[in-house]
Amino acid sequence: MNCYVLLPFMLGIPLLWPCLGATENSQTKKVQQPVGSHLRVKRGWVWNQFFVPEEMNTTSHHVGRLRSDLDNGNNSFQYKLLGAGAGSTFIIDERTGDIYAIEKLDREERSLYILRAQVIDITTGRAVEPESEFVIKVSDINDNEPKFLDEPYEAIVPEMSPEGTLVIQVTASDADDPSSGNNARLLYSLLQGQPYFSVEPTTGVIRISSKMDRELQDEYWVIIQAKDMIGQPGALSGTTSVLIKLSDVNDNKPIFKESLYRLTVSESAPTGTSIGTIMAYDNDIGENAEMDYSIEEDDSQTFDIITNHETQEGIVILKKKVNFEHQNHYGIRAKVKNHHVDEQLMKYHTEASTTFIKIQVEDVDEPPLFLLPYYIFEIFEETPQGSFVGVVSATDPDNRKSPIRYSITRSKVFNIDDNGTITTTNSLDREISAWYNLSITATEKYNIEQISSIPVYVQVLNINDHAPEFSQYYESYVCENAGSGQVIQTISAVDRDESIEEHHFYFNLSVEDTNSSSFTIIDNQDNTAVILTNRTGFNLQEEPIFYISILIADNGIPSLTSTNTLTIHVCDCDDSGSTQTCQYQELMLSMGFKTEVIIAILICIMVIFGFIFLTLGLKQRRKQILFPEKSEDFRENIFRYDDEGGGEEDTEAFDVAALRSSTIMRERKTRKTTSAEIRSLYRQSLQVGPDSAIFRKFILEKLEEADTDLCAPPFDSLQTYAFEGTGSLAGSLSSLESAVSDQDESYDYLNELGPRFKRLACMFGSAVQSNN
């Protein structure tokens with residue numbers, strides 16, 4: 001069989017090509033060739049390829065023709081098409097072998113079909129030749145536009161970037177066959193974004209073509225178009241949008257929009273007070289907008305500016321206190337600069353922005369002001385009352401200059417007048433108080449709430465008004481056998497006065513003791529002196545004690561002298577010079593002193609114990625008055641329970657029978673004269689008890705009262721004693737209810753009531769006998 005391959009409408013020219021690779025056959029046939037050309041091929045089936053265009057405008061499109069060289073045209077052969085797509089996509093004319101495509105083909109879905117062909121003799125039903133396999137290829141046409149698969153595009157680039165800076169690369173893809181002409185060759189172009197951006201035609205790389213300022217526009221929309229077939233006529237295209245944002249760089253310095261700020265501050269404001277804020281503006285954002293404020297000009301060094309990094313404001317604070325009377329207005333200049341500035345951007349920050357601040361000081365009513373922070377005055381002791389001490393002075397710092405009134409806080413020794421003159425109200429004694437610490441208060445006359453205080457120190461100067469005296473009490477002793485010139489005592493002196501120089505004392509005997517004294521004195525010139533015997537031998541029996549008058553003078557101006565008496569005891573000494581008798585006397589004196597102290601201590605102890613016993617006695621007496629039942633004997637069967645009980649289970653703490661009582665009032669009965677009736681009543685009083693129902697009702701009422709009482713303590717048991725009994729055997733003892741006189745009554749029955757009524761029986765029995 002001869003094979004023909006028909007390539008219909010390839011480049012607009014229908015061609016019929018011979019089959020390639022035909023199997024050899026003994027017979028050879030003529031093959032029709034296009035335009036009258038003839039080509040002999042080998043007999044048999046060959047592998048064929050058909051090229052079908054991708055786009056078809058008709059429902060049935062002729063693909064090609066299969067024909068066996070044994071077919072003589074008498075319609076005795078039948079052609080069959082087998083394989084994937086046979087009958088659904090492709091059909092064959094069984095008589096002529098023409099192949100048709102019955103549906104639209106899409107190369108992007110399937111570009112190759114492998115089919116099989118068979119020729120059958122109709123008369124015999126047998127295959128004329130074996131099956132032959134052939135291929136139908138779908139040729140590509142430009143039916144797919146370019147598509148951007150990574151949409152949406154977004155890029156960030158710093159503002160003020162130079163030309164040629166890479167922004168982003170966009171890429172489109174075309175589903176057409178890249179090997180088929182220029183169907184898939186793309187060309188990029190910029191539809192929107194000039195003159196700030198450009199795109200490379202073949203790569204899709206977007207670059208900056210002009211510098212941009214974020215403060216003018218911070219983002220741009222760029223539209224990129226991709227065309228296939230290298231942009232030739234008939235090419236398909238696709239577009240995409242790219243959002244390009246400009247990131248901020250610190251290309252703007254902060255600027256004060258206000259060239260002058262006016263602030264006020266009170267003169268009473270403490271240091272560190274915020275008196276106002278200033279604000280600069282920076283077109284940059286984020287870290288590039290952080291700024292620092294500072295003082296550029298302030299000759300007074302009174303103010304400072306700190307930065308609030310959250311609000312980017314400058315806070316003007318008071319660094320030193322201001323005084324309206326001293327200076328009521330200030331002028332300072334402040335500047336601002338960015339906190340973070342790159343070196344390559346310093347050209348934008350060469351000169352800092354400044355502003356001028358005028359600060360007005362507000363006047364307030366201030367308290368009086370003393371001329372000095374404190375005062376120290378001196379005055380001699382023993383000066384008379386009303387003596388001048390010193391003068392303090394305070395003024396009103398305000399313009400109205402209010403008069404000042406002075407006062408001294410808690411002082412009975414000094415006084416002050418309206419002129420600030422301090423005088424004494426009593427005579428001063430340095431030995432009592434050498435310094436006085438005063439508090440002087442100044443008050444404005446026009447506003448008494450404005451008060452100031454200042455310390456004043458008054459030193460009392462010393463005058464020599466105290467004579468020297470013995471530094472201690474001396475007990476001196478001399479032996480009977482003492483020789484002349486023997487030292488018996490060393491003395492010293494003290495002076496309560498304050499001396500500018502060191503104290504120096506002079507010791508001498510009085511004139512009488514100097515002329516006729518058994519003792520003499522030697523001044524050691526070191527504020528001490530020694531007493532020596534002036535004769536030999538002393539007699540304890542004749543002269544047991546000597547009294548010597550010693551004159552002590554100081555070095556004050558004027559010098560003062562005092563007379564001090566020294567007592568010298570004569571002692572009986574042994575041969576070794578031991579003064580046993582004097583030691584005994586000294587011991588006795590010492591013991592006598594100790595005895596007085598001991599007696600005083602014992603008296604104090606007795607007074608304390610007496611007070612304690614008296615208090616206890618009063619308490620005991622008060623307790624007896626409050627609880628008389630503890631001391632009185634009623635001779636009745638009284639049950640008393642001091643224990644708290646053990647709860648509901650504790651039944652041994654009390655006798656339930658003792659609780660049986662009755663609320664029934666006793667009936668008044670006439671007195672009986674017969675002893676039998678009385679004895680009967682006595683037995684009834686012992687035997688009859690309250691009705692059980694009444695008793696139960698009473699107990700329930702008491703329990704209900706205890707349960708509903710919110711103020712009752714939480715006792716473990718409720719004990720109630722309210723039953724008084726059925727009455728006395730003798731009835732009422734009141735004379736108001738007596739029906740008969742005592743003379744008519746017989747009391748013999750009292751002898752039968754037992755020993756408790758024995759005394760009563762004797763008393764009434766004797767009375768009856770005497771009456772009879």
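A salt bridge is taken here as a side-chain nitrogen of Lys or Arg within 4 Å of a carboxyl oxygen of Asp or Glu. By that criterion, Glu154 and Lys245 are joined through their side chains in this predicted model, with an N to O distance of 3.4 Å.

The whole structure contains ten salt bridges. Another of them links Arg65 to Asp98, whose closest N and O atoms are 3.7 Å apart. Here the partners come from strand β6 (residues 61-65) and strand β9 (residues 98-101), so the contact ties together parts 33 residues apart in sequence. Arg65 is partly exposed, with a relative accessible area of 30%, whereas Asp98 counts as buried at 13%. Asp365 sits in the loop between β28 (353-362) and β29 (369-370), and Arg400 in the loop between β32 (394-395) and β33 (404-408), so parts 35 residues apart in sequence are tied together. Both ends of this pair are partly exposed, with Asp365 at 26% relative accessibility and Arg400 at 43%. Finally, Arg214, Glu215 and Asp248 are linked in a network of salt bridges.

The protein chain has a mean pLDDT of 77, and 74% of its residues reach 70 or more. Strand β18 (residues 205-208) has the highest confidence, at a mean of 96, and strand β3 (residues 28-29) the lowest, at 30. Over residues 1-47 the pLDDT stays under 50, although the model has 115 contacts beyond four places in sequence for this stretch. Residues 767-772 also have a pLDDT below 50, with two contacts in the model beyond near neighbours in sequence. Where pLDDT is low, predicted coordinates should not be read in detail.

Turning to the sheets, four strands form an open sheet in the order β21-β23-β26-β25, with antiparallel pairing. Its edges are β21 (255-256) and β25 (303-308), each of which pairs on one side only. The partner of β25 is β26 (residues 313-318), and six bridges join these two antiparallel strands. Within this pairing, Thr307 has Gly314 of β26 as its bridge partner.

Seven of its ten residues are buried, so β36 is largely enclosed by the rest of the structure. Five bridges connect β36 with β33 in the antiparallel sense, and in this pairing Ile404 stands opposite Glu444 of β36. Strand β36 is also joined by nine bridges to β37 (residues 451-461), again running antiparallel. There, Leu438 faces Val456 in β37. Together, β36 and β37 make a hairpin with six residues between them.

Beyond four places in sequence, the contacts of Asn338 include Asn250, Asn252, Lys253, Pro254 and His349.

In soluble globular proteins, nonpolar side chains tend to be buried together. The largest nonpolar core of the model has 26 residues, and those with the most contacts inside this core are Ile491, Phe519, Ile531, Ile550 and Ile568. Strands β39 (475-479), β40 (487-494), β41 (506-509), β42 (519-523), β43 (528-533), β44 (545-553) and β45 (561-571) each supply at least two of the core residues. Which residues does Ile491 contact, leaving aside neighbours within four places in sequence? Among them are Phe470, Tyr474, Phe507, Ile521, Ile531 and Ile550, together with Asn527, Thr528 and Ala529.

Key
Residues numbered from 1 in each chain as written. Predicted model: local features only at pLDDT ≥ 70, side-chain atom pairs only at ≥ 80, totals over all residues. Heavy atoms only, no water. Pairing = 2+ DSSP bridges. Core = buried A, V, L, I, M, F, W, Y, C linked by side-chain atoms within 4.5 Å. Buried < 20%, exposed > 50% of the residue type's maximum accessible area, 1.4 Å probe, protein only. Contact = heavy atoms within 4.5 Å. pLDDT = per-residue confidence, 0-100.
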